[in-house]
Amino acid sequence: MPQPAYIGALDQGTTSTRFLILDRAGHIIASAQQEHEQIYPQPGWVEHNPMEILQRTHAVIDQAFAHSQLPVHAVAAVGITNQRETTVVWNRHTGAPIANAIVWQDTRTAEAVARYAATEGQDRLRAKTGLPLSTYFSALKLQWLLQHVSGAQAAAERGDLLFGNIDSFLLWHLTGGPATGIHATDVTNASRTQLMHLHTLDWDSDLLALFGIPRAILPEIRSSSEVYGTFATTALKGVPIAGILGDQQAALVGQTCFHPGEAKNTYGTGCFLLMNTGEARVSRHGLLTTLAYRFGRQPACYALEGSIAITGALVQWMRDNLGIVERSDQIESLAASVPDNGGVYFVPAFSGLYAPYWKDSARGVIAGLTRFTTKAHLARAVLEATAFQTRDVLIAMEQDAGSALPQLRTDGGMTGNDLLMQFQADILQREVLRPAMRETTALGAAYAAGLATGFYSGLDELRANSSIEKIWTPTMSPARRDELCRHWKKAVERSFDWLDDPPQDRVTAPQS
């Protein structure tokens, strides 16, 4: 039998699930994608139905294979990349979730954040976890589920329940579920739970006690690149699952940022700027310390991260909630129909503000409206909000690193928007680069699986695959840039401390 010529990537994101089959050079041979429902039970709450995501996963794998007409043995292995922090708890005997997944954007744990921060401050856990106390991470979401779903805490302590981010939930089901399912995660996803110690790379007993989490519910922490198990279902039955990376770490790998100081920004539902730091470095300017990757038995590599909650999701909101555009790709032409933002600034603090501010009580603000304002000015403000937020994070990252980034590597769906990319270069006053292969998140997962199975010989082969499609250079005058940034800062400050009392708790049951 000939050696497999292809590698697979399962990319489970916030709004959709995709499966891609790639050749050795990283070119897409076949792909399939399906969206899943975004569930908003009340303001600030965001949920997904885990079983819907599992169903979409099965469907896109089968669709991609049907389109490619490849035999299953043509694929050497599959890597998984996933939305991080989104929290699932399910029954180990049936595989059924005990409630809908709590999505990373959800803010229902704001009261718990305030309670834990009251005595020792929001940064009390940074030394161990690299993370501030925030509604963002998994620990408080998991605690909330155990406390608010009837009987869940006792069932967890009996060992009847399992917890995981979406990677663990899919891995367990795809490798056999109750019969043979592998309950594991990788270091990158574990580092986003706020339960793993940055240096031991294991669950921390003090953190588990602090949040009241039974160790038995937690997955085994493994490297990002190794064989976890094999598919028990779908067209991939018998194929190894050999890589797991949180989506933003996967993009860092896909961009081959393997040297300290190399960085990338992914423009998706949110925006995520990561810089490879090699060793762990605790931020002093509002960024996160996170695991970048760990390949097999090699030492773990760390990164600084600036996380922005709402960027591409703001375009989706303009489409779905306001109906200003019918399709997301229409936002560029609408924004380009006016020469500037007309003095309008949009701060999309729908789930509070993440890096570098960490204001859970912030809420969205549109500032600078006049009778002159049109929907085109709003569209332009929507796009510019992504670039302004990226600039805030990049400044913090350069302060932490003690050096300037000469250029910004980009990836993700929004990089197809040339107007946004030019404004990003202008507002940063530096070059912005877009790779030829924009699906770097899926590519990173495929790379991790390929390294684990010998499909790829090493990092040099991965670097040789990289190429740049387009470079934007700044054209805006410094005076104009400074004026825009000054007004943006004023708008951001208007969003602070908008929320007073959190809403009442209510559990949403998952639908079959």
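The model is predicted. Ser-283 lies in the loop between strand E14 (271-278) and strand E15 (288-293). The aromatic pairs number 25.

**Ser-283**

- Ser-283 counts as buried because its relative accessibility is 6%, and the cut-off is under 20%.
- Leaving out residues up to four places away in sequence, Ser-283 touches Arg-126, Thr-289, Leu-304 and Asp-400.
- Arg-126 is 157 residues from Ser-283 along the chain, yet their C-alpha atoms are separated by 8.7 Å.
- A polar atom of the Ser-283 side chain lies 3.0 Å from the backbone nitrogen of His-285.
- The Ser-283 side chain also reaches the backbone nitrogen of Leu-287, at 3.0 Å.

**Aromatic pairs**

- The 25 aromatic pairs include Trp-45 with Trp-144, which is edge-to-face at 5.5 Å centre to centre and 85° between the planes.
- Trp-45 sits in the loop between strand E3 (28-35) and strand E4 (47-48), and Trp-144 in helix H4 (residues 138-148), so this pair ties together parts 99 residues apart in sequence.
- Both Trp-45 and Trp-144 are buried.
- Trp-90 and Phe-169 are edge-to-face, because their planes meet at 80° with ring centres 5.2 Å apart.
- Trp-90 belongs to strand E6 (residues 87-91) and Phe-169 to helix H6 (residues 166-174), so the pair ties together parts 79 residues apart in sequence.
- Trp-90 is buried at 0% relative accessibility, and Phe-169 is buried with a relative accessible area of 0%.
- Ring pairs join Trp-104, Tyr-136, Phe-137, Phe-272, Tyr-354 and Trp-358 in a cluster.

**Charges over rings**

- Arg-108 lies over the face of Trp-144, 4.6 Å from the ring centre.
- Lys-359 lies over the face of Phe-496, 5.0 Å from the ring centre.

Technical notes:
Residues are numbered from 1 along each chain as its sequence is written. This is a predicted model: local features need pLDDT of at least 70, side-chain atom pairs count only at pLDDT 80 or more; totals for chains, interfaces and linings use all residues. Side-chain values use heavy atoms; hydrogens and water are left out. Helices (H or I, at least four residues) and strands (E, at least two) are DSSP runs, numbered from the N terminus. Buried means under 20% relative accessible area, exposed over 50%, partly exposed in between (1.4 Å probe, protein chains only). Contact means heavy atoms within 4.5 Å. A polar contact is a pair of N or O atoms within 3.5 Å; within protein, one must be able to donate a hydrogen and the other to accept it, and residues adjacent in sequence count only if both atoms are side-chain atoms. Rings of Phe, Tyr and Trp (its six-membered ring) pair if their centres lie within 6.5 Å; planes under 30 degrees apart count as stacked, over 60 as edge-to-face and the rest as tilted. A charge sits over a ring if NZ of Lys or CZ of Arg is within 6 Å of the ring centre and within 35 degrees of the ring normal.
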